[in-house]
Number of protein chains: 2
Amino acid sequence: MEYNKNFYQIHSNGDIFQRIQSERGTIGYYDLPYQDTSDIKAYAKTIVQKHIVVIGIGGSSLGVKAIYEFLLPSNKYQKDLVFLETLDPLEINHCLTKFDIFDAHFVVISKSGNTIETISLFKYLRTLVEINSDNCTVISKAKSGLTKFAQDRDIKVFELAENVGGRFSVFSVVGLVPLAMVGVDVDNLLNGCKRVSASFFDQSSYYAPIIRKARFLVENKARFNINVIFSYSSSLEGFNKWYVQLWAESLGKININKTRQALTPIALIGPVDQHSFLQLIIDGVRDKIVTFIKIADLKDNTIIPKSNDKNLGLEYAEGLSFNDLLNKQADATIESVEAQGDIPCDVITISTVDEYNIAKLMFSYQLLVSAIGEFLQINTYNQPGVEKGKAILKESLQN
Amino acid sequence: MEYNKNFYQIHSNGDIFQRIQSERGTIGYYDLPYQDTSDIKAYAKTIVQKHIVVIGIGGSSLGVKAIYEFLLPSNKYQKDLVFLETLDPLEINHCLTKFDIFDAHFVVISKSGNTIETISLFKYLRTLVEINSDNCTVISKAKSGLTKFAQDRDIKVFELAENVGGRFSVFSVVGLVPLAMVGVDVDNLLNGCKRVSASFFDQSSYYAPIIRKARFLVENKARFNINVIFSYSSSLEGFNKWYVQLWAESLGKININKTRQALTPIALIGPVDQHSFLQLIIDGVRDKIVTFIKIADLKDNTIIPKSNDKNLGLEYAEGLSFNDLLNKQADATIESVEAQGDIPCDVITISTVDEYNIAKLMFSYQLLVSAIGEFLQINTYNQPGVEKGKAILKESLQN
């Protein structure tokens, strides 16, 4: 019996590595770590306004937000970053009360240039404040309507390469431009990416950890179809949402054998979600693989003080730093999940809160998704399923 | 052959209704709509500080936050509501910079009185500001250590009844006290609950929609184990998180037949998550049931203006209100999901943004969860799976 070459099978790890290497020319994100950032940095320095307002949705905002929120509690940003993405008019107008639109610089991000949410918000904004080359920057593909609009007005355009998809664009101009404007060290971001890229692509062995993990997830997808990340710091909430998009939109696909594929992402924050989703992980059906993410050193030693009142109890936590308590909670949860014996789980530890480390985490996740996509024999980089809704909307609005 | 009486079987709808009616005395939340709120309202009026700070985690904060965030964009609250729940020291200290702790009233919420996150945060706070009967309110069960701490200092205590669990406590003092302090009409909240309660309990027919929906979800749980809600307004993000806790912690259980049960909740926001999770719903494995939530009338007619530049395109959306565009996006997504033919979905439409309507939605969801729990033959109201992690933590801290 001879199998049809399209018949679904799990390729060897070496095969997967070769495929990723060979798509490196056509898929743009792999080489973003090696871009020249001098134009971005020089331009960012010229921005005088206090508030940087990103107008973008999905891949045009989730990655920027993930990095911004991760660094926010520890960093002394020079400027605010504000995100306008909702279509809810109450939220729009509420958001607009939170900053001075006359002391704001608007970064309009839409790869296609015709994202209905982004463009509609932008049109509305233009009725409130004059938009010109002094208070606006556009990020879009070459020759989009939005790019033309900007060029007609000498508004600075950063072009997004055709072969960098929205959910893989965080380390392109989409992420770097607004982040540089608020004072993020974008070179250190790219250093983190380079570190991961080098260890992935320069390996002599094909059994790299990322490919091995992808293989594990794919081999067990029928039984464990839900991939939970449990991040122990609320500053990873933006990362969590970015992960959900990356995972769901890349991996929810029909493969070359016309079979529906799905690894379903769920993203939790610890310890808050110990009081929510954890019960389901422990006692529920065994369909979840859990990845814990910890931050080893938050570089803050706020201590839980001794209390002068025995009624408050919990003396055994006194004298600990909050950092330690947070990580001990993570460890206790990990141990309780492992003690079940039949819930696959792993732990990623980030050393500290800086550009380098969040970039390492995010670039690794992009590579992991690419590897899973190769194993599943899907197109990781398109999103055909959402086009029908857009067509229905357009038709309903045109009638 | 005679079945063991514990053998799992799906009971009749009438049976389920009887069981819920008979647990009405022992499970406290069913009768919260009928409580007397005069003490809460009178006390709330005496609070002079500008910022109300809730110190609580899980069921002690998710419900309050859901209602507060839902009403926030449209309401002119008299005061801010701030939530302190994270253990991340960077986040704690960042959060403390956002309001004046000397013009703040602290509402400390812990049913047991010994929630480690809440009490540790509270101890830390006491080193920064003197806590006394003028700037603090406690919500806890009678005779907890926290209650005693408060009573020793004449700090006002609102007692939470033993038979109201955290995730079913939003309409108890846990939710009503802080919400009344910022100016929410708590009676209108309870009116919404009463409306739902009356139509559920006063029915002459057992085939009430809530029980029918519960039955559908349970009958199809083996095939469709993931329950997605897709809320079309970013003001429902807090509701979404509350839903995840209610669903996961109530329904992730081992049932009387020792079988693991799980309905896995996923909560999305439209249109943002059309650019994220939607692809997975459309092209992924058919294991998801989707409930869309729409708000019919946001009582805001901000219009998408005509643009003077053809390059921006999308003329067909011009002249629409954002409210209309939001709902047309919901409708287009619903149509595209229904067009697949094999994804079960339903639509809940809230008429507008007010206390009455959010309470109706939340109380309905509590009843739905109670009904599902009866069908699954689980204890909906406990959370045994999270106790092991707590014990491990305590042991590791005591050594």
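Tutor: In this predicted model, a crossover is called right-handed if, with the strands pointing away from the viewer, the path from the first strand over the helix to the second runs clockwise.

Student: Which helix joins E6(A) and E7(A) in a β-α-β unit, and what is the hand of that unit?

Tutor: Strand E6 of chain A covers residues 226-231 and runs parallel to E7(A), to which six bridges join it.

Student: Which residue of E7(A) stands opposite Val228(A)?

Tutor: The pairing to consider is that of E6(A), residues 226-231, with E7(A), and these strands are parallel. Strand E7 of chain A spans residues 264-269, and the residue in E7(A) that stands opposite Val228(A) is Ile266(A).

Student: How many of the six residues of strand E7(A) are buried?

Tutor: A residue counts as buried under 20% relative accessible area. Strand E7 of chain A, residues 264-269, is mostly covered by that criterion, and the number of buried residues among its six is five.

Student: What is the omega of the peptide bond from Gly270(A) to Pro271(A)?

Tutor: Pro271(A) is placed in the loop between E7 and helix H11 of chain A, the latter being residues 278-283. The peptide bond that leads from Gly270(A) into this proline is cis, and its omega is near -5°.

Student: Is Gln377(A), with its positive phi, buried or exposed?

Tutor: Gln377(A) lies in the loop between helix H13 (355-376) and helix H14 (387-398) of chain A, and its phi is near 60°, a positive value in a residue other than glycine. Because the relative accessibility of Gln377(A) is 9% and the cut-off is under 20%, Gln377(A) counts as buried.

Student: Is Lys299(A) buried or exposed?

Tutor: Lys299(A) lies in the loop between strand E8 (288-297) and helix H12 (322-338) of chain A, and its phi, near 55°, is likewise positive. Its relative accessible area is 63%, and the threshold is over 50%, so Lys299(A) is exposed.

Student: What area is buried between chain B and chain A?

Tutor: The contact involves 112 residues of chain B and 112 residues of chain A. Six salt bridges are counted between the chains, and one of them joins the side chains of Lys123(B) and Glu318(A) at 2.8 Å, N to O. Carbon and sulfur atoms give 65% of the buried area, which is about 9600 Å².

How values were computed:
Residues are numbered from 1 along each chain as its sequence is written. Chains are lettered from A and ligands numbered from 1 in the order in which they are written. This is a predicted model: local features need pLDDT of at least 70, side-chain atom pairs count only at pLDDT 80 or more; totals for chains, interfaces and linings use all residues. Side-chain values use heavy atoms; hydrogens and water are left out. Buried means under 20% relative accessible area, exposed over 50%, partly exposed in between (1.4 Å probe, protein chains only). Helices (H or I, at least four residues) and strands (E, at least two) are DSSP runs, numbered from the N terminus. Two strands pair if DSSP finds at least two bridges between them. Contact means heavy atoms within 4.5 Å. Buried area is the accessible area (1.4 Å probe) that two parts lose on being put together, summed over both. A salt bridge is a side-chain nitrogen of Lys or Arg within 4 Å of a carboxyl oxygen of Asp or Glu.
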